[in-house]
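I opened this entry to look up the charged side chains and then the overall fold. My notes follow in the order of the look-ups.

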Amino acid sequence: MTSTPQRPGGRSARVREAVLAATAAELSERGFAAMTIEDIATRSGVHKTTIYRRWSTLSQLVADAAVEVSATTVPIPDTGSIESDLREMARSIVALVTSESGGALVAALFSDAVRTPEVARLKREFYSARYELADIVVRRAVERGEISEQVSAADLLAAVAAPIYYRLLVADLPVDQSVADRAAAGALAAARAGALDQAE
């Protein structure tokens, strides 16, 4: 079982959905450096002034789209067990980074970020939102008595995601469900050993 953020309905929600979908598509096709608000407006059918009223910069728009894609593809797991929660989270990360839109997102966050200060800020905003979601998983596990309340949610998420991103971005190796499962198991072992406790 998983949970995802609820969005308001009506025209406002439809506009948001159209713009974010167009942003993800432009990111996939052009990359961050080449995309523009004007192209997003054309693709979404939403006037650019409406887009600018909601998102003052392109980086804010891409950050919002990144969070939306991640929230849809990597929802908050709620399986009743920290072991299966982490496994589901890791498998969702693999699904994200191997999808077309997720692959483009990774390219923007990790490639263009080296050259573009706005994308570096986008990456910080993106992962800040993911840490907040990981905190929910940790709180539930603490309440069930599965891990110590000293475990850092940010470090636990990093321990799950790091082996996946290392294979994908550094070693240029494939990532799949088995990689996800090993990453989750390693993160849980580290948490239970006290290696991911918050610094005092």
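I searched the whole structure for salt bridges, taken as a side-chain nitrogen of Lys or Arg within 4 Å of a carboxyl oxygen of Asp or Glu, and the search gave 12. I note that this is a predicted model, in which local features need pLDDT of at least 70 and side-chain atom pairs count only at pLDDT 80 or more, while totals for chains, interfaces and linings use all residues. Residues are numbered from 1 along each chain as its sequence is written, and side-chain values use heavy atoms, with hydrogens and water left out.

I looked up R43 and found a salt bridge to E29, with the closest N and O atoms 2.7 Å apart. This pair links distant parts of the chain, as R43 lies in helix 2 (residues 37–44) and E29 in helix 1 (residues 10–30), 14 residues apart. Helices (H or I, at least four residues) and strands (E, at least two) are DSSP runs, numbered from the N terminus.

For exposure I used relative accessible area: buried is under 20%, exposed over 50%, and partly exposed in between (1.4 Å probe, protein chains only). R43 counts as partly exposed because its relative accessibility is 37%.

I next noted a salt bridge between D39 and R30, at 3.7 Å from N to O. D39 has a relative accessible area of 22% and is therefore partly exposed.

Which residues are linked in a network of salt bridges? I listed E26, E29, R30, D39 and R43.

I also looked up K48 and E38, whose side chains meet in a salt bridge at 3.7 Å, N to O. K48 is in helix 3 (residues 48–54) and E38 in helix 2, 10 residues apart, so I logged the pair as a link between distant parts of the chain. K48 is partly exposed at 36%, and E38 is partly exposed at 36%.

I then turned to the fold. I read nine helices and two strands, in the order β-α-α-α-α-β-α-α-α-α-α from the N terminus. The C-alpha trace spans about 55 × 40 × 35 Å along its principal axes. Of the 200 residues, 42% are buried. Counting contacts as heavy atoms within 4.5 Å, I found that residues 24 or more positions apart account for 63% of those with a separation of 6 or more.
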